[in-house]
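Biologist: I would like to learn how to read a model like this one, feature by feature. Could you take me through it?

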Number of protein chains: 2
Amino acid sequence: MPEPGSESERIASLLSGLPKGEGVIVGPGDDAAVLRVREGRDLVATTDTFVEGRHFRRDVSTCAEVGTRLAAANLSDVAAMAAEPRWALLSLVVPPSWTHAECQLLERACARALAPEGAAIVGGNLTSSRGPFAATLALLGEVERGAAWTRAGARPGDVLAVTGVPGSAAAFLAIALAEDPPSRSRAAHELVERVVAPPSRVRFARALANSSAVHAAIDISDGLAADLAHVCEASGVGVRVLETSLPADAALEAAARALSALAGDAAGEGALLTRLRLGASDDYELLLMLDPGKWSECERLAHELGVPLARIGEITAGSARVLATAAGADAALDMPGWDPFSSRG
Amino acid sequence: MPEPGSESERIASLLSGLPKGEGVIVGPGDDAAVLRVREGRDLVATTDTFVEGRHFRRDVSTCAEVGTRLAAANLSDVAAMAAEPRWALLSLVVPPSWTHAECQLLERACARALAPEGAAIVGGNLTSSRGPFAATLALLGEVERGAAWTRAGARPGDVLAVTGVPGSAAAFLAIALAEDPPSRSRAAHELVERVVAPPSRVRFARALANSSAVHAAIDISDGLAADLAHVCEASGVGVRVLETSLPADAALEAAARALSALAGDAAGEGALLTRLRLGASDDYELLLMLDPGKWSECERLAHELGVPLARIGEITAGSARVLATAAGADAALDMPGWDPFSSRG
């Protein structure tokens, strides 16, 4: 495929064939998109940027997988507000090392991940750069007026629950980068699948929204402990997490075993597993603070929708964040989340 | 000022002191912002990215000026849809060469340029990178349902008018970069002012929207000829531009004179001036296709609001884009617009 020459040719080629979204009055190609928000709905707006070498590596992920995960990162934020995804703007900063076809693969994968959740790309921007590739997606959603979940509503006694398997993204990356050259073939197939195409929690969030069971919610894209700290601070509460209740997962355990073996520290396997599950990991899963009287209803909804949901602890009065360890002791639940200004990546 | 360490500290420091916007139900700091669109309004959504070395140079522009122009670029797109600016998401990709204080200067300047137009920053993203600094602003606005201007409504007989002085941005940059080291002190003061703090055309656009005079509109951030071509293609019309009617401007003429002298080609001054006015130049001005029966009303509104408005030609049937030159000949109006994939920058 020849490289299209000018920006307008490249943009036209990117925009052609994109699915048209609902509520789109004017789509891509004008100064701005025009969108119709339904009556009685609030708008939610979020954005996420992936930078090459920082949020992904091309020797570990394909262009299409990056597009899929960029969509997933934003969908997860919209789900964590109990909202329906609707419209997206995709901005690409493209160095010479990326071909137009690669940009298109990323964009198409992003659009393909958004479509089943009800969202379409309605505009964006394309520019060249000397530096690393960067993609910014801004995602808009709709939520019934006044019904958005925030981080601030958790109450003592709330059930703490999490979807999926926290730590999967961290384990995947650690395994892939453990040896040179990087290779994700060392990771279990289920782990790879879960990370390269994260399941959307939008449908589950919308079902929960109807149940009024959720007092507060956050997505755990920084890591479970760090995002839980955000909720506790915003809500003025503490928390007690039971290590033995964290989701058991064979692929994650195999990763911890392999990593500790590679590090020549087989005895450290348990501590490593805990660190993977609670520490920095960009998993697009929901952490939910639930009305205890509605827990069984939440469990039923999760089961119906095929969403893994684990009850991992309880919100407490005060401000202490405690991990009741598998060994039977109480430890401070204090583990840094992912930080794009840290030295990693 | 010490460098804040983690992403959360940096984000908290960036978010503190931002003005709270109208219609903001949940502001920065949650998974997403929650916003209330007024009844009977459509939403408009646009985004623009500035990359260091491509859209700006730090030896020519200050961090605050970059923030101001980033706001102006997006405000101009919203104005070109006849909409009111409301909410913005600002995403920064930050290399080690940018301090936190510099990011803050850019962000504050951006917020300061948005505020008088009715818009506030309600969220965003911050990440580090090895590569050049990049800032992406996504701007949302509101427009009365069905009232957005597009590029597609121009009709034969329409008056073609433009605000401000097209070519100012190109002239500023050419003058600043004409000698080594770059220096904008060679440019006339009025030219510098116009480019580093572009006046907003939002108020004028909103006044025009009430008059129903506008059949089509576009902002000329690519360059007058290129953006006019976009309108002609989208509307299925031609155009005739009168070179002698293009806005006369002493600062622009002085720039053309200085540039041709520097190039040792004093005789080329006229051609250079035409190229500056019609060619690639990221001016945040409006190109308007107006009902000829309402031209005097448009002139009056422009005068009342202190907006320079020039009647520069007419929309024609067919598809020819013609420049009636000052020399009395007809020439093809065909000049490439700004292209971020060209070799410049």
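Modeller: Let us start with a strand pairing, where strand β4 (residues 84-94) of chain A and β6(A) run antiparallel and are joined by nine bridges. Within this pairing, A:Pro85 is the residue that stands opposite A:Gly141 in β6(A). Please keep in mind throughout that this is a predicted model.

Biologist: In which sense do strand β3 (residues 41-51) of chain A and β6(A) pair, and over how many bridges?

Modeller: They pair in the antiparallel sense, over eleven bridges, and one position to look for is A:Thr49, which stands opposite A:Thr136 in β6(A). Strand β6 itself, spanning residues 134-144 of chain A, is mostly covered, with ten of its eleven residues buried.

Biologist: Where does A:Ala152 lie, and why is it called partly exposed?

Modeller: A:Ala152 lies in the loop between β6 and β7 (159-163) of chain A. Burial is read from a count of neighbours: a residue is buried if 20 or more other C-beta atoms lie within 10 Å of its own, and exposed if 12 or fewer do. A:Ala152 has 16 other C-beta atoms within 10 Å, and is therefore partly exposed. Setting aside residues up to four places away in sequence, A:Ala152 touches A:Ala216, A:Ala234 and A:Ser235, whereas its C-alpha atom and that of A:Ile175, 23 residues apart along the chain, are separated by 35 Å.

Biologist: Which residues touch the most other members of the largest nonpolar core?

Modeller: In that core, which holds 196 residues, they are A:Val44, A:Ala45 and A:Ala88, together with B:Val44, B:Ala45 and B:Ala88. Leaving out neighbours within four places in sequence, the contacts of A:Ala88 include A:Leu114, A:Ile121, A:Val122, A:Leu137 and A:Leu139. Another core, of 21 residues, lies apart from the largest one, and among its members are A:Ala176, A:Leu252, A:Leu259 and A:Trp338.

Biologist: What can be read from the covering and pairing of strand β10 (residues 286-290) of chain B?

Modeller: Five of its five residues are buried, and both faces are covered, with B:Leu286, B:Leu288 and B:Leu290 on one side and B:Leu287 and B:Met289 on the other. Strand β7 (residues 159-163) of chain B runs antiparallel to β10(B) and is joined to it by four bridges, with B:Ala161 opposite B:Leu288. Strand β8 (residues 214-219) of chain B is also antiparallel to β10(B), joined by five bridges, and here B:Ile218 stands opposite B:Leu287.

Biologist: At roughly how many degrees do the axes of helix α2 (residues 63-79) and helix α3 (residues 100-114) of chain B cross?

Modeller: The axes come within 7 Å and cross at roughly 40 degrees, and α2(B) passes α3(B) in a right-handed crossing. Among the residues that make the contact are B:Cys63, B:Gly67 and B:Leu70 of α2(B), and B:Glu102, B:Leu106 and B:Cys110 of α3(B).

Biologist: Finally, how are the two copies related?

Modeller: Two copies of a chain are related by a rotation about an axis and a shift along it. Here, chain B is superposed on chain A by a rotation of 180 degrees with 0.0 Å of shift along its axis, at an RMSD of 0.0 Å. The copies are thus related as by a two-fold rotation axis. Of the residues of chain B, B:Gly131 comes closest to the rotation axis, at 2.1 Å for its C-alpha atom. Of the interface residues of chain B, 100% are also interface residues in chain A, so the copies meet through the same surface.

Note on methods. Residues numbered from 1 in each chain as written. Chains lettered and ligands numbered in written order. Predicted model: local features only at pLDDT ≥ 70, side-chain atom pairs only at ≥ 80, totals over all residues. Helix = DSSP H or I, 4+ residues; strand = E, 2+ residues; numbered from the N terminus. Pairing = 2+ DSSP bridges. Contact = placed C-beta atoms within 7 Å. Least-squares fit on C-alpha atoms with pLDDT ≥ 70 in both. Core = buried A, V, L, I, M, F, W, Y, C linked by C-beta atoms within 7 Å. Axes fitted to C-alpha atoms, helices over the stretch in contact; angles between N-to-C directions. Left-handed = near helix turned anticlockwise from the far one by under 90°.
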